[in-house]
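Please have the sequence and the 3D view ready while reading.

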Amino acid sequence: MAGILLVEDDPSVRTALELALTRQGHSVTSYATGEEALDHIRSRRPEIAILDVMLPGIDGVEVCRRIRRLDQLPVILLTARGDDLDVVVGLEAGADDYVVKPVEPRVLDARIRAILRRAESAASDRISFGDLMIDRGALKVTLANKEIHLTPTELRLLLELVRHPGQVLNRRYLLRVVWDHTHVADSRLVDACVQRVRAKIEPRPAEPVFIHTVRGFGYRFSPP
């Protein structure tokens, strides 16, 4: 059972999703506004947040940004069909995944469980590449002895790349093993997540030394 924070301003959609997720065994707390959600997180941290992009006042993307300033709480965005710009902006803000409306509760439940599995799947050993050190047991990454805060999805992506040093991993493969997705159109999840990881571990993200892009194929982890 996961402790879920659901933020959706449409009362009928909110009620339907809350009931469906509760039937799946989750504990759901729901709100209609981003302001209420942020107040809740400050007082009682959930295991995962599900945010509608289009909220009155503070929208879902801005709520995600504010969460990321303080916490690595997993975030799923709910977005209207065809709103590609919302998806891209949301992923760049730090969202772990997105689900297109109208929401199929079973799909949302599967995405929730996949993200929570990612948070628990690290092994208990350490890997070092120069100044970059990854402690899988402690779910901790440091660069030059400074801790780097990664979300569970960002950590899982980094771990998967590190498991295959020097090998090119295509986006389809990374979608399957990191996100449990099979739809190739979701490849922007990979690109956005790589950008976020680079921003955190690369000395100069525009000139990466750890995670390299292989155009037309995918990404390769090649430490200096």
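This is a predicted model: local features need pLDDT of at least 70, side-chain atom pairs count only at pLDDT 80 or more; totals for chains, interfaces and linings use all residues.

Lys-101 sits in the loop between β5 (97-100) and α5 (105-120), while Asp-52 belongs to strand β3 (residues 48-52), so the pair ties together parts that are 49 residues apart in sequence.

The two partners can also be described by accessibility. Lys-101 is partly exposed, at 22% relative accessibility, whereas Asp-52 is buried, at 3%.

## Other salt bridges

The structure has 17 salt bridges. One of them joins the side chains of Asp-39 and Arg-42, at 2.7 Å from N to O. Both residues are part of helix α2 (residues 34-43) and are three residues apart, about one turn of the helix. Asp-39 is partly exposed, with a relative accessible area of 47%, and Arg-42 is exposed, with 60%.

Another salt bridge links Arg-163 to Glu-160, where the closest N and O atoms are 2.9 Å apart. Here Arg-163 is partly exposed at 47%, but Glu-160 is buried at 7%.

## Cysteines

How many disulfides are there? The count is zero. Cys-64 is in no disulfide, and the nearest cysteine sulfur, that of Cys-193, is 12 Å away. A disulfide would need the two sulfur atoms within 2.5 Å.

Cys-64 is buried, with a relative accessible area of 0%. Cys-193 is likewise buried, at 0%.

Key:
Residues are numbered from 1 along each chain as its sequence is written. Side-chain values use heavy atoms; hydrogens and water are left out. Buried means under 20% relative accessible area, exposed over 50%, partly exposed in between (1.4 Å probe, protein chains only). A salt bridge is a side-chain nitrogen of Lys or Arg within 4 Å of a carboxyl oxygen of Asp or Glu. Helices (H or I, at least four residues) and strands (E, at least two) are DSSP runs, numbered from the N terminus.
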